[in-house]
Amino acid sequence: MNLRQIEAFRAVIETGSISRAAERLSISQPAVSKLIQNLESSAGLLLFERRPGRVLPTSEAFLLFEEIERIMTGLNGLQSYVADIRAMHLARLRIGVMPALSVGFIQDILIGYTQAHPSMRVMVQARSTMKIIEWLLSGSIDIGISSHPFDHPEVIQLPLCRRSSVCILPIGHRLSDRSSLVPADLADEYFISFSPDQTLRIDEIFEAAGVKRRLQIEASMAPTVCALVARGLGVALLNPLYIGSFAGMVVSRPFVPTVESEIRILLSRHRPQSLATRAFIDSAKSFVAGLTEAP
């Protein structure tokens, strides 16, 4: 039995005649008759009694029709399920993000993403870049976001945006009225250090300028650095996108010479990208495209 035979069979049962079935299917009456004959031959059943000018379904035909309707109902449900998959109504996205980008940056991206996909389930976990890589390769997450430089042959790194570091100051700090800052401005200031990959570059800038800072406090995460600055415990240099929810608690000013860092999307090289993952990448790119340089 093939689908065309089944379509002809259903049409004859539902319309009550070969002629009306032919009209429904936009084929000739002989073609419908031939399809019914082939179906009977394939099934080994007499499905219609032929009488002058009409056909009468047999009991076996009604039994077959009931089963076909049950199957077609299931197929219609399957089509609806496929449509839900295509619309990402059943999808989930697991995101790993470095802590520095977990208190503003990722939420800003998710605002547009979840509005566009209201049925999407999203899980966000803030972890170190090395942990994010581990989870990507094990399949525990679908996508990662980090600005820490690394090299791994199994991880794809998609550049998202580059930003020049800014100097963040406590509100009311003596330097907050400056339009930009240079190393000499921070002489003898309490300076909060973090992020080993940037600390070396920053130290080199101050050493080259012959400027000494007071290095009293060191922190491992950007949110902690921002909180320390907000409480007046020092100043710091960091990517402006790390400031996040601390934007109203600190003052940020451009710093020269610049120290750049790049935020990247991380993907497993050997894991196919889902519709949800590709949609998130589009949302992230759209978000950063609308950003202006800090401050």
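The charged end of Arg213 sits over the ring of Phe191, 4.6 Å from the ring centre; a charge is said to sit over a ring if NZ of Lys or CZ of Arg is within 6 Å of the ring centre and within 35 degrees of the ring normal. This is a predicted model, in which local features need pLDDT of at least 70 and side-chain atom pairs count only at pLDDT 80 or more, while totals for chains, interfaces and linings use all residues. Residues are numbered from 1 along each chain as its sequence is written, and side-chain values use heavy atoms, with hydrogens and water left out.

**Aromatic pairs**

Phe191 also belongs, together with Phe206 and Phe255, to one aromatic cluster. Rings of Phe, Tyr and Trp (its six-membered ring) pair if their centres lie within 6.5 Å, and planes under 30 degrees apart count as stacked, over 60 as edge-to-face and the rest as tilted.

| Pair | Centre to centre | Between the planes | Class |
|---|---|---|---|
| Tyr113 and Phe280 | 5.5 Å | 80° | edge-to-face |
| Phe206 and Phe255 | 5.9 Å | 35° | tilted |

Tyr113 lies in helix H5 (residues 105-116) and Phe280 in helix H9 (residues 275-289), so this pair ties together parts that are 167 residues apart in sequence. Helices (H or I, at least four residues) and strands (E, at least two) are DSSP runs, numbered from the N terminus. Tyr113 has 0% relative accessibility and counts as buried, and Phe280, at 0% relative accessibility, counts as buried too; here buried means under 20% relative accessible area, exposed over 50%, and partly exposed in between (1.4 Å probe, protein chains only).

A crossing is left-handed if the near helix is turned anticlockwise from the far one by less than a right angle, and right-handed if clockwise.

Helix H1 (residues 3-15) and helix H3 (residues 29-43) have axes that come within 9 Å and cross at roughly 110°, and H1 and H3 are therefore roughly perpendicular to each other. The crossing of H1 and H3 is left-handed.

Ser42 is found in helix H3 and is partly exposed, with a relative accessible area of 45%. The C-alpha atoms of Ser42 and Val182, 140 residues apart along the chain, are separated by 87 Å.

**Cysteines**

With a disulfide taken as a pair of cysteine sulfur atoms within 2.5 Å, the count comes to 0 disulfides. The sulfur of Cys161 is 16 Å from the closest cysteine sulfur, in Cys226, which is too far for a bond; Cys161 is buried, with a relative accessible area of 9%. Cys226 is in no disulfide, the nearest cysteine sulfur, that of Cys167, being 12 Å away, and Cys226 is buried at a relative accessible area of 0%.

Definitions and conventions
Axes fitted to C-alpha atoms, helices over the stretch in contact; angles between N-to-C directions. Parallel < 35°, antiparallel > 145°, perpendicular 65-115°, else oblique.
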